[in-house]
Structures are given as structure tokens and as C-alpha cells.
Amino acid sequence: MHKNLMYICFRKIENVSKNHLYKGTLTTVILQLLSDEGRMYGYEIAKRAKELTKGDLDITEGALYPALHKLEAQGFLDTERVEVGNRTRKYYKLTETGNKEATHRIAELTEYVKNLQNFLNPQLSNG
Amino acid sequence: MDKTELTTEETSELVHFLKSWGIDEPILLAEMTDHYSDKALEIISTGKSLEEVLNSWRTKSMYRTLRQIDAKYKEYAKKDWRRRHWRIFKELITPRNVFIFLLSFIAISFILKMKYLSGIFFGLVILKAVGIVGFVSYHYTFNKLKRRLYTPTAIGLLWFGNYLIISHFIRVFEFPEPVVSTNSQAIAMTTIICFIFVSDIVFFQVWKYITKTTNHITKEMLTEWEIPKPE
């Protein structure tokens, strides 16, 4: 019982620290996913991000929705509402400006990852 | 077999839960309901009941999360509103529109000097006023979603504003026998009429643009979902 509890705590801490590494890249992740998938709704974005990172990136509602609403207010996202069962689903998709922003941010992040790779493993990048 | 959809009663329970934690904006409420319905269904598939799921969500952390989402939503909604208005304004102030405005200004200036035709413009102002009030009242009565926008105060002000303009015209220009004797009177009157027309066009453009994104929300969302909380 004690061991199980410890394991859960460690998993939680591990998850938090891994999530911490993704901090600052959330909007780029969202833009990239929308660029790939066309249109997605909030829950779908969180689920897909988790799937792609094998559970490492657990986007909470408190981070996801303010980010989506901010992107929408900035004019990068357009919304569409669809009736699903007895509820209304809000789909997000990139606008023309959003597409440009996604390309720009993805290029920026790729450059950052490349630089980080050079820094962490210079031999690999030289080879 | 896994449950794929919450029943209307369960959805209603979830909506009441979200409302009790401060989510009151219809669009955000719909989005959160969809999100937490999916989340609840995932937990329900492990053998829990919706009641247990909701109880497990009654925490300080959940409260903070929802408050944060709500606060940020309102903050960004304001920014979005300003951005859209600024965009409409930029779209309206085009060389073409300015040219049309100037042309109409000159045309009305000439027309106002003719007794018979000037009456038509007063008639148009009255028709427009009645039209706006009718349009607003119609939506206020039949579209529940827009109630928060079409408030009685807004309708009252709209009517009162038009009434003031019309009554002012009648008093100053002795309608239906308008006396537009001097050029300055004609210019002043034309400016006011043009201003009324342009402001109404802007009003409708803005209105159309704002409601475009909210039109898809169905009546059920605000009627069926607002059934009394289940015991």
C-alpha cells in the first residue's frame, strides 16, 4: 500500500516535471495539431497531445482553454459549432493568419530544438 | 458496452455543476459541458456513476481551474470584441465607401431644398426607426440567446434616440412642410441624416458580425439544459 502510494506520488511528480518542460510551447503544440488535423475541439486536442507524447504532455483544462481563447482573440483561430448528441461542440481551425503564425512558430521551435540538441550533444550534431 | 453519451438529465446535472462553479457565459458553458461530458464518460466507463464523478470534482483545485478559465475567457472575449470592431471599422473606411458617402451627402443636400422630396427622407428616418425597433423586438422575443444583448434598456435607448431625432426634425424644420431656407441649415440637416444612415449601417454590420459566431448555439442549449436540477 505504502509502496503503491509512493509510486503514484513519483509518477505524479515525474509528470509535473515533464509537463514543465513543455511549458511555453503549448500554443505551438496547439497550432501544429490544428495545422495537421484541420479542425479539432478542446478535449480532442488534449487527448491527441497526450497520445503523441505517450502520456508525457498532459494538457490541463486550465491551460488549454485560456490558450485556445487567446489564439481565437488574436485572430489565429476560427470556431465552428456542431451539435453532437445533446451538446454543442466547438471546433477550432486555423485562419489564414493562424496558418502563417503556425508556420512561423513551428520553424522557431524547430530551430530552438536544434540548438538545444547542439548544446546537449555536440558530438551527435557534428557527426 | 461503454456509454457513449450522457442522458439529457445527466447533461443537465453537469451544466448545473458547472454553473454552480461560476461558468455563466453561454458559449463557454457549452464548451465546458462538452469537455467535461467527454471526461465524465471516460471515468464512467471505469465503472463509476456520474454522481461519483461530480463529487470527485468538487474540489478547490477544480474550482480554481474553472474560475481561471472563466476569467480568462471574459478577458479575451473583450479583446476579441475590440479586435472585431476595429476590423469592421477598417473595412468600412475604404476609399469606395468614403466616395459613396460624399456623393450621397451632395445628393441629399440638393434634394432637401425641394419641398416634396424632403418629406420622403423624413419618412425614411421614421421607417428606419420603426424597422430597427421591430427587428430588435422580434429577436428579443424569439431568440433567447440574444436576450443579454437585447436588453430592455438597449431597446428603450434605441427607440428614444430615434424619437428624439425625429421630434427634433419635426420641431425645427416644421415637418411636413420643411423649411430649409439657408445653405447652412441644409448642410446641418444633411449631415445629421447621413450620420443616422451611416451609424445604422455600421450598427447592422457590427451586429451581423457579432451574432455570426453565436447563431449556431441552439435554443435547446438554453431551454432544455435549464431544466430544474434533478433531486
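Predicted model: local features only at pLDDT ≥ 70, side-chain atom pairs only at ≥ 80, totals over all residues.
Helix axes are here lines fitted to C-alpha atoms over the stretch in contact, and the angles between them run from 0 to 180 degrees between N-to-C directions.

Helix α1 of chain B, spanning residues 8-20, packs against helix α2 of chain B, spanning residues 26-44, at an angle of about 120 degrees, and their axes lie 10 Å apart. Angles over 145 degrees would count as roughly antiparallel and those from 65 to 115 as roughly perpendicular, and α1(B) and α2(B) are therefore oblique to each other. Their crossing is right-handed. On the α1(B) side the contact is made by B:Thr11, B:Leu14, B:Val15, B:Leu18 and B:Lys19, which meet B:Leu29, B:Met32, B:Thr33, B:Tyr36, B:Ser37 and B:Ala40 of α2(B). Sorted by class, the residues of this contact comprise seven nonpolar, three polar and one charged.

Strands of a sheet pair through backbone hydrogen bonds, either parallel or antiparallel. In chain A, three strands form an open sheet in the order β1-β3-β2, and the pairing is antiparallel. Strands β1 (39-41) and β2 of chain A stand at the edges with a single partner strand each, so one side of each is left without a neighbour in the sheet. Neighbouring strands of this sheet are turned against each other by 35 degrees on average, when direction is ignored.

The two pairings can be taken in turn. Between β2(A) and β3(A), which run antiparallel, there are eight bridges, and A:Glu83 has A:Thr88 in β3(A) as its bridge partner. The hairpin of β2(A) and β3(A) has two residues between the strands, and A:Gly85 in this hairpin takes a positive phi near 60 degrees. The pairing of β1(A) with β3(A), also in the antiparallel sense, extends over three bridges, and A:Met40 stands opposite A:Tyr92 in β3(A).

Finally, the two chains meet in a contact that takes 22 residues from chain A and 25 residues from chain B. On the side of chain A that touches chain B, the elements giving two or more residues are α3 (42-52), α4 (61-73), β2 (77-84) and β3 (87-94) of chain A, and the largest share, eight residues, comes from α4(A). By class, this side of chain A has five nonpolar, nine polar and eight charged residues.

Note on methods. Residues numbered from 1 in each chain as written. Chains lettered and ligands numbered in written order. Helix = DSSP H or I, 4+ residues; strand = E, 2+ residues; numbered from the N terminus. Parallel < 35°, antiparallel > 145°, perpendicular 65-115°, else oblique. Left-handed = near helix turned anticlockwise from the far one by under 90°. Contact = placed C-beta atoms within 7 Å. Nonpolar A, V, L, I, M, F, W, Y, C, P; charged D, E, K, R; others polar. Pairing = 2+ DSSP bridges.
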